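Subject: Structure for you to look at

Hello,

Please find the structure below, with notes on what was found in it. Keep the 3D view open while you read.

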Amino acid sequence: MRRNILVAGLIAMGILAGWCGHALTPNPAKPRAVEPRGPLPEWEQVSIRRFKEASPSVVYITTTEERSRDFFGMEVVEVPAGSGSGFIWDTEGHVVTNFHVIQGAVRAYITLSDGSRHEAAYVGGAPDKDLAVLQLAKTPTNLHPIPLGTSADLQVGQAVLAIGNPFGLDQTLTTGVVSALGREIQSVTRRRISGVIQTDAAINPGNSGGPLLDSAGRLIGVNTAIQSPSGASAGIGFAVPADTVNRVVPQLIARGRLERPDLGFEPVAPRLVERAFGAQKGIMVGKVQRGGAADRAGLQGVGTEGRRVLPGDLIQAVNGKTVEDWDSLLDVVEAQPLGSSVALDVEREGRRLKVQLKLQAARD
């Protein structure tokens, strides 16, 4: 019995020694040979080139806000408020971003692609379009304005690239396609933004204000919102079209605000129209300002005849484009230069009229 135990022990020791010896022996295995990659396909090379070309134009924006340190508000301190993206508009140091990125901020800082950080001043904003312009306090000499494209000829399926700072991760590239056109989203003022670009390029918190580029590296939109139950990318992002940006930004730089036409009348709320006159098609003219654009054009507002309330003119189209509500009317007229005239299709007491209305600047 003892002999069997001894033999078994010797065998076990031999196996262990052999295992240990094998483990301590230098591994003769060598790294595997790397398979040749070959040249990158053209579509990948395009994405790489466009990122390298555009990234110097994209900036990281951080903001601060004031908060009271004590209950009585005797001591106010600045604390971080939020962050977002933006892009360099011109060599004078103007930077474009979303209005909601800097809304409520007391101070803004811009980090350029080279890592340098600069304080920025607020130049102007258009909350209805969710656009704002900042300016670097000191203008570096090496600024790279982003190439500007147009959104007028975009097609669904067209390749796009988004560059921004999602979750504070700067200089991040995502790619996708134009997945729909002509979308509508709501601005911070609850005014509708029309003609919005929908994309499946991943857009996350922090991408707001960054550029959406076409495959030529041109700006075609400003990334502004996502549709997601979780708050992160779900494959549906939205961008304000470049043609809107190119119309609004020069006005913000020149005047600090978007110059609007004054139509010279107030519309009647649709629910009041339906209550008083039944369902109607168009925008009913309410109070007409004496001497204003609507008055000079001959538009008639809601009036009375004895105890009877008379309906005002119903505006149904502007420059041949059907308008169904006040926002859609403003979208059309705000795209026209001040001083020009627009053609209104008006219904008055069952008759169809053509009315020319000259756009004049709204008073401050």
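The buried residues of helix H2 are Val46, Ser47, Arg50 and Ala54; buried means under 20% relative accessible area, exposed over 50% and partly exposed in between, with a 1.4 Å probe and protein chains only. Seen down the axis of H2, these buried residues fall within an arc of 95 degrees, so they line one face of the helix. The arc is that of the directions from the helix axis to the C-beta atoms. An α-helix has 3.6 residues a turn, so residues three or four places apart point the same way. H2 covers residues 42–54, which is 13 residues, and spans 18 Å from its first C-alpha to its last, close to the expected 18 Å. That expected span is 1.5 Å times one less than the number of residues.

This is a predicted model, in which local features need pLDDT of at least 70 and side-chain atom pairs count only at pLDDT 80 or more, while totals for chains, interfaces and linings use all residues. Residues are numbered from 1 along each chain as its sequence is written, and side-chain values use heavy atoms, leaving out hydrogens and water. Helices (H or I, at least four residues) and strands (E, at least two) are DSSP runs, numbered from the N terminus.

Next, the barrel. In the order E7-E8-E9-E12-E11-E10, 6 strands close into a barrel with antiparallel pairing; two strands pair if DSSP finds at least two bridges between them. On average, neighbouring strands of this sheet are turned by 50 degrees against each other, direction ignored. Axes are lines fitted to C-alpha atoms, for helices over the stretch in contact, and angles run from 0 to 180 degrees between N-to-C directions.

Strands E8 (residues 172–186) and E9 (residues 192–199) are joined by 5 bridges, and Val178 has Thr199 of E9 as its bridge partner. Thr199 in turn is partnered by Gly237 in E12, where E9 and E12 pair over 3 bridges. In E12, 5 of its 5 residues are buried. Helix H4 (residues 242–255) lies across E11 and E12, at about 45 degrees to E12.

Finally, Thr97 lies in strand E3 (residues 94–97) and is buried, at a relative accessible area of 0%. A polar atom of the Thr97 side chain is 2.7 Å from the backbone oxygen of Ser85. Residues that Thr97 touches (heavy atoms within 4.5 Å) include Ile61, Asp130 and Ser208.

Regards

Definitions and conventions:
A polar contact is a pair of N or O atoms within 3.5 Å; within protein, one must be able to donate a hydrogen and the other to accept it, and residues adjacent in sequence count only if both atoms are side-chain atoms.
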